[in-house]
Amino acid sequence: MSKTLIDLFSQKLITWHSRHGRSGLPWQGKRDPYAVWVSEIMLQQTQVATVLERYPRFMKRFPTVKKLAAAHIDEVLAEWAGLGYYSRARNLHNCAQQVVSEFGGRFPSDPDSLEKLKGIGRSTAGAIAAFAFHARAPILDANVKRILARLFAIEGALQNKLVNDGLWSLADKLLPKKPSDMPVYTQALMDFGATWCTSRKPACLSNEKKCPFEKDCQANLINQALSFPQKIMKAKSPEFDCNMLLIRSGNSILLQKRPSRAIWGGLWSLPESNWVAKSDKKRKLPTFKNIFEESLPNENVGPWLKACKDVTLGSRIKHVFTHRRLWMQIWEVTASRNLELKSEDLRWIPIRQLGRYGLPQPIKILLQGLNLVRDGDLKN
DNA sequence: AACACGGGGGG
DNA sequence: CCCCCAGTGTT
């Protein structure tokens, strides 16, 4: 009986990796589960080029899981700012505390235990177990799903449970037999999806690259690589308007800590009014007083309005999220004196100390564009 | 099963 | 400008 693709896949992939895989990245070749874990979380939803800048900085600031567990969440969020998906940072912090309190500061080595930790799903658990412990555990991120969907011409949407379960089962069958091959195999799978079996320009459609699986790949054999995996049409994201207050008093700016479940959860941002759907044509134009009342609902607005002068319409910023598009109208205000703040989520931040706070990327860019922030003020 | 959650790259 | 990309947690 001849060998099938399933039998040969892992060795062919490892051979491909020896010639074309990415190497020399700072998180590669490590067996320290902490270092592996941080890199895997950071690499979720974030490109290698970005992680290349931020991973060494993070590891220098939080060199061990114990240091991370002992840090204040605001320090972790400040270090994470600009990477997006801030629940990752909150889960990272939470998970570090779990590892310290439940496992004495040592990560468990089996995928099932890893998956019980905050922010670690099945795929990341597999990656950590494979890299740090040589466990024969599969990963199944979007790159791997794409590779398998093409190799085996798998029909149906990836969201479909049967399709997803089938992919996991396939990923398991394809694992190399030798546990010692798990790190290089897992790395090879990630690299192959990221650089050769890419979403839009796969190697099989390129003149420069020769795919080692071109004679095996069911999608390629029918010239349909781009048709796998099946894509689902998604609706256009709704649009919203809101107002934001840039209140200055002397050398300080009033910032508000965002609720942890919201967009930019846990970061410090400008006080903002309610979001209004742009399609809501009946809405009245808000007055400045309205904006204040919506932005600072716990404060006594009267004294604030009296203490404010030089109200000017600032820039209008568009920001796009996965499921929303937001237009932010900035109102620039000078407060004549520092007012007493009633809510704990409000704080006067000296401009020179802004770097200590995690700011949403568009707010950071806004403040950089204003001359009131000097180079270095936003660096932590 | 569907949705929420940011930011960056490429056309 | 628009489109594409992407794990985990929550509901």
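Reader: What should I know before reading the numbers?

Author: The model is predicted, so local features need pLDDT of at least 70 and side-chain atom pairs count only at pLDDT 80 or more, while totals for chains, interfaces and linings use all residues. Residues are numbered from 1 along each chain as its sequence is written, chains are lettered from A and ligands numbered from 1 in the order in which they are written, and side-chain values use heavy atoms, without hydrogens and water.

Reader: Which domain does UniProt list?

Author: An unreviewed UniProt entry lists "domain: HhH-GPD" at residues 42-195. UniProt positions follow the numbering used here, feature names are shortened, and annotations may be inferred rather than shown by experiment.

Reader: How much of residues 42-195 is helix, and how much strand?

Author: That stretch is 66% helix and 0% strand, and its end C-alpha atoms are 19 Å apart. Helices (H or I, at least four residues) and strands (E, at least two) are DSSP runs, numbered from the N terminus.

Reader: OK, DNA strand C. Which residues are closest?

Author: Of the 21 residues that surround DNA strand C, the closest are Gly 119, Thr 124, Asp 141, Ser 199 and Lys 318. Sugar and phosphate make up 71% of the DNA strand C atoms that come within 4 Å of the protein. A residue counts as near a strand if one of its heavy atoms lies within 4 Å of it.

Reader: Now DNA strand B. Which residues come nearest?

Author: Gln 45, Tyr 85, Tyr 86, Ile 263 and Trp 264 come nearest, out of 22 residues around DNA strand B. Sugar or phosphate accounts for 57% of the DNA strand B atoms within 4 Å of the protein, and bases for the rest.

Reader: Which side chain has an N or O atom 3.4 Å from a base oxygen?

Author: Tyr 85, and the base oxygen belongs to DNA strand B.

Reader: And the phosphates of strand B?

Author: A polar side-chain atom of Lys 201 lies 3.0 Å from a phosphate oxygen of DNA strand B. For Lys 161, a backbone N or O atom is 3.4 Å from a phosphate oxygen of DNA strand B.

Key:
A polar contact is a pair of N or O atoms within 3.5 Å; within protein, one must be able to donate a hydrogen and the other to accept it, and residues adjacent in sequence count only if both atoms are side-chain atoms.
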